[in-house]
Protein chains: 2
Amino acid sequence: MKRTSYAGLVDEKLVDQDVVLKGWVQKRRDLGGLIFIDLRDREGILQLVFSQEFSKAAWQVADTLRNEYVIEVKGTVKHRSEGEINPKMKTGQVEVEIHEAKLLAAAKNPPFYIEDNINVSDELRLKYRYLDLRRPEMQKNLKIRNLITRAVHTYFDNHDFYDIETPDLTASTPEGARDYLVPSRVYPGHFYALPQSPQIFKQLLMGAGFDRYYQIARCFRDEDLRGDRQPEFTQIDMETSFLSAEEIQDLTEGLLKQVMHDAMGIDIKTPIQRIEWQESMDRFGTDKPDIRFDMELKDISDVVKDIDFKVFQNAIANGGFVKAICVPGGAAKYSRKDLDAKTDYIERFGAKGMAWIKVTEDGFTGPVGKFLKVKQDEISAAVGAKPGDLILFAADSFKIISDTLGYLRNSIAKEMGMIDESKFAFIWVVNWPLFEYDEGIKRWTAAHHPFTMPNEEDVHYLNDGEDPHKAHAQSYDIVLNGYELGGGSIRIHTREVQEKMLKALGFTKEHAESSFGFLMHALDMGFPPHGGLAIGLDRFAMLLAKRDNIRDIIAFPKNSKATEPLTNAPATVSDKQLLELGLFVNKVDEDK
Amino acid sequence: MKRTSYAGLVDEKLVDQDVVLKGWVQKRRDLGGLIFIDLRDREGILQLVFSQEFSKAAWQVADTLRNEYVIEVKGTVKHRSEGEINPKMKTGQVEVEIHEAKLLAAAKNPPFYIEDNINVSDELRLKYRYLDLRRPEMQKNLKIRNLITRAVHTYFDNHDFYDIETPDLTASTPEGARDYLVPSRVYPGHFYALPQSPQIFKQLLMGAGFDRYYQIARCFRDEDLRGDRQPEFTQIDMETSFLSAEEIQDLTEGLLKQVMHDAMGIDIKTPIQRIEWQESMDRFGTDKPDIRFDMELKDISDVVKDIDFKVFQNAIANGGFVKAICVPGGAAKYSRKDLDAKTDYIERFGAKGMAWIKVTEDGFTGPVGKFLKVKQDEISAAVGAKPGDLILFAADSFKIISDTLGYLRNSIAKEMGMIDESKFAFIWVVNWPLFEYDEGIKRWTAAHHPFTMPNEEDVHYLNDGEDPHKAHAQSYDIVLNGYELGGGSIRIHTREVQEKMLKALGFTKEHAESSFGFLMHALDMGFPPHGGLAIGLDRFAMLLAKRDNIRDIIAFPKNSKATEPLTNAPATVSDKQLLELGLFVNKVDEDK
C-alpha cells in the first residue's frame, strides 16, 4: 500500500476520504471493544480507531500493538464527535476509522518515553539516540537545522556563489586550536590533520579566480568540550573577491534575511546595526552584545572623580575607570545577600569588589551610599536612575570593568525578566583590534586569525619599530542575542603584508615559511583583494530552535568526553591496523 | 570602484556604457601606443584597450602589467571594428576603452600558462593548484560540479527530504574497505574512524522517524588509488522509509532528471530502462553496461555444441558456454596482430585464448574458420553477422566469458568509433545476487553491504541448512555510460534477518554483537522498512564534465600517493602531539 499522507498532516479537508498511513504507535487505549491508537510520524500524531465493526482483522492487529510498533493502515477520515475534539492536537478535529492494518515491525519496550520534556540522562539519550530523535522536540530541532541549510543553499545559489568542497585530509595549521590527526599508511610516521576551518583553501580559491565561494563545511577541533562545543562542528563558510568589508556584510545580511524568513517565517529588518568593537565594549562590556534590552554601561569617571571614596579614586589614579549600570526596579529584587553572591562571582574576572546602591525617594542607600550621596543627583542623571532602581559600580581597568559589568548586565537582565525571548536581535561588531593578548599563553595572538587584513591606515603599525598592537582590522563579527554567530574579515592578499603579520605574531622567517610557505608563494602569483565570513551553523540552529545545548540540534553528537555512546567510538584497533600505520600505542586507557 | 559586470559577460548590449571590471591579465600586447589587455575572470576573457588618448594614467598602468597581474579598470564598451571581431570569443564583438586603471596585485611569472590543454605534469598542476584552477577548463569543471550539487539540493528540498549531517568522527565498520583512523586524546590508545559512508547512520535516521533523509556526504577510504579513486570522496546519499525498491528508483530518476537539466541543459527521458543483473551479464558481460552501442553478447552454445572444435566442446562439457560478439565492419579494421594483442590482454581474465573469424562474401576466414565453417550460416544468424564483420568467441565459464567479452565489447566499441560521446545513457541494473565470492580473500562477501535485504521469496535461503548464496537482493545500481554511478537497496529492518545475514557472512555471534550490536539493538526498537541509494558525486561530475580523471573535478585532490602536493600533507608532527595521543612512531619514512 502506498502512503497517501503523513499522519500528522491529516486534517478536516480529508474527511470522508480514504487514507493510507504509516508510522509508529505512540499510545494504545482499549475502551472495551474500541481500540484507539495514536499514530506518530515525522509530521505529528493522529488518532486511529479500530472496531470489530469496521474490520475484525484490523481490530485483531490493533489488539496486539504496543508502543513503538511500526504499522501501516488504511481507513477513512472522520470528524471527531463534539466531545472528543482535542484542540491541543493539530489533528485533533479528526480521527481515522481503520479498515486494514498490518504490523511492519514490533518493538521492545523503549528505555524512555517518546515524548517531550523527558527527565533522562544525556548519556542514555545519546546511547539510544535513534529513540531520542523520535521525540517531537528533536524532530523539530533537526527540521529547523534543515530549513537553515536549505535557505543557505537557496541564497548562495541566487547570488552567483559556487559551492566548492575543500579537503578534510590536509595539513596541520599552526596558530590554531589543537588538530585532530590522521596517520598516513603510505608514509608511516606522517599525519594528515582534519581542518579547523577551510580558511586557507577558500583564500586559495579566490586566488584561483572563483570569485564567490561558499560551503557548508565540517570542521574539527580537539579541544576540551563545553556546552556549545563539539569535536566536529559545521560552519556556513563563504569568501568573495573584490568586495569591501561593508559589501560582504550586506551580502551576509541578505543571507540572514533568507534564513530567518525560510526557517522561522520572520522578516528581519536590514541593514543590521553596525557598531565598532570599541563602542560595543564601552556600552555593553562585551564584543558580543545582547541588544534585546538596554541597561548599558555608563562611564561616570568624570562624575565621581572628586568624591572621597578610595575605591573609585584609586581606579582612576591607576589609569582605570568607574562605570555603572542601572537596574530598573532592581532595588526590591536584590537583597544584600544576593548582591554579596554576585560580588563573590565576579572575582573570577579579577574584580576586587562591587559597589552598589539602591535609589530611594530619599536618595542613595546601601553600604557605599554615604560616600556617593554627595553626587547622587549627577550619578542618577548619568545612569538614568530613578527611585526603586539599583546601581552597580565597577572601578578598575577597562578589561576588568568590561568583563564584570558585561557579565552582570546579562545575568541581571535574565533574572529581572528584561529579555524578550521571542526576539532575534542581530548586530554587527566591526573594526576589531588586529591582535589580542592571550593571558593563557602570555603572548599576543591574532584576534581573528593571521590572515586578517589591518585597516589600510593601520598597516604601517606592522613595520619594524612600530607597535603592531595598535592596529585595528577589517574584521567583523555578527552577533545574535549575545552570541557570536559568525565572523569574518578582509584578508591579506599580498606576501609583503602577510610576512609582516606573521613576524608581528612572533614567527621566525623559517617558521613562517615552513608553516605558511605555500600560501605566501600563492600570494606572489596575483591574488585579488578578498574577504569572507563563517557562521557557526550549530550555534545558529541552537539559537533558532531555542535550545541551550548544541547537542540538541546535532543528530549524532559526542558527549562531554568526546565519545559517541551509541557506537562507542573511539575504540581500540587491531595490531594489524597499527602496524600498517607504523604506530605503537604507548598506553591504553582501559577504563574508557 | 564597484564592479558592474564580470568581464566574460560583457557583450553588445553594453555598447557605449561604462563598466567597471576586475580580473587577471591573461595577455598583454603593445602595438606602439595602443596596449591591448585580455582581461580574464570567472566568466571569460574580454579585450581592453589602453591609449594615451583615452587616459594617460591608465595607459601608464597598462604599460607595467604582466601576465596574471590583478587589476581593476573602468572604461566604455565599444563595438570592435570589422576586422577585429573575434567570433571564437564569447566577447569577441566588443572591447573596452579604458579610462581608469588600478593595479591590485602584481604576480610572478607562473610556472605554466593559464590556458587549456597544457602539457604539464600532474604533480606540478597540484603543487600550484590555485594556478591550475584558473584555467578555463578547470573553472568549467568545478562549475559543473557546483551545478550538480545545486540541482541535488533543489530536488531533495522539493521532495520533503531533510538534509541531516552524520558524524565524521565515528566507529570503525568491519566488512568494508580500510578505515582512516583518528587517535583520541581523551582516551589514549583509542581511535575514531572516518566514515566510509553514512550507511548505518542513515538507517538509524530512518529508525528515528525522519522518513526522508539526504546528505552530500564526505566519505573516506584508505585504499590504494586508481584514476577514479581518492582517499576522500563525496556521495549524494539518501534514504527513505516505507518505499519499495521501484519507488526509490522512481525518486532517483527524478533526481537525475533535475541534475541533467540544471547542470547540462539536457532533458532525459524517464522511466530509465531497468534490467536484471542476470540479463545485464548475459547481454553485456558486465553489471555496468554501456548501452550507447549494441554489439551484445550472444550465447551460441546450442548452435556450436556439435561442431568438431575441441575448445568449444570442452567448455560446454565443463558446464561452460560459448558466446560471441559480432563487430560490424571489424574485419578490415583488425589485423591478425591486433587480435593476437587482444588475446594476450584477456589472459588476465583467465581466458585461455580467443577464437575469432572474419566474415567474407565467401564465408568465414581466419585460423579457426575451418572448424566453424560447417555452421557459418547459423552462427552468422545468431550473432547478426554480415560480410565484412568480425566475430569474437569466448568459450569458458560464465565468469571468464563475461569478463572477456565484456571487456572486448567496450574496448572495441571505442576503437571502432561506435560510441556517441555526446550521449548520456542511464540504465538500472536490479536484482543483484546477495553475495559474491571474493577471489582475493577467498570467501563470500556481501555484494552490496551486509544490510541489504534479500528478495522476500529468498529470505529462506539464509536459514540453517540452505544455501545463502542462491539469494538475490532488493538492490539496484544506476549505471551511466558504462560506469557505476550509484547503487542502493532495501535494507534489512529486523534483527532476525540481520542476524541471519551476518551469520551467512561468517560472523560469529560474538563478532556480530561487537561489530553491529548497536544496530541490532536499534532494530529491536521498531524500525520501518527502509531503503536508499548513494551516488558518487565525483564520478558523476567527471562524466558530465567529460573528463577521464576524477582529479579534474575536485578542487584540491590528492595525488596517486595520497599526498597533497600543495600543502605537503601528510607531514610529521611534534613529539608533544604524539605524547598527548599516547603514540610512538615506529618508523618514519624520511623519503617522503
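Which strand of chain B do three bridges join to strand β23 (residues 583-585) of chain A, and do the two run parallel or antiparallel?

Modeller: This is a predicted model, in which local features need pLDDT of at least 70, side-chain atom pairs count only at pLDDT 80 or more, and totals for chains, interfaces and linings use all residues. Residues are numbered from 1 along each chain as its sequence is written, chains are lettered from A and ligands numbered from 1 in the order in which they are written, and side-chain values use heavy atoms, with hydrogens and water left out.

The partner is strand β23 (residues 583-585) of chain B, and the two strands run antiparallel. Strands here are DSSP runs (E, at least two residues), numbered from the N terminus, and two of them pair if DSSP finds at least two bridges between them. Within this pairing, Leu583(A) has Val585(B) in β23(B) as its bridge partner.

The wider interface can be described next. Chain B and chain A contribute 120 residues each to the contact (heavy atoms within 4.5 Å). Of the interface residues of chain B, 100% are also interface residues in chain A, so the copies meet through the same surface.

Across this interface there are 20 salt bridges (a side-chain nitrogen of Lys or Arg within 4 Å of a carboxyl oxygen of Asp or Glu). One of the salt bridges is formed by the side chains of Arg218(A) and Asp168(B), at 3.8 Å from N to O.

Terms used:
Helix = DSSP H or I, 4+ residues; strand = E, 2+ residues; numbered from the N terminus.
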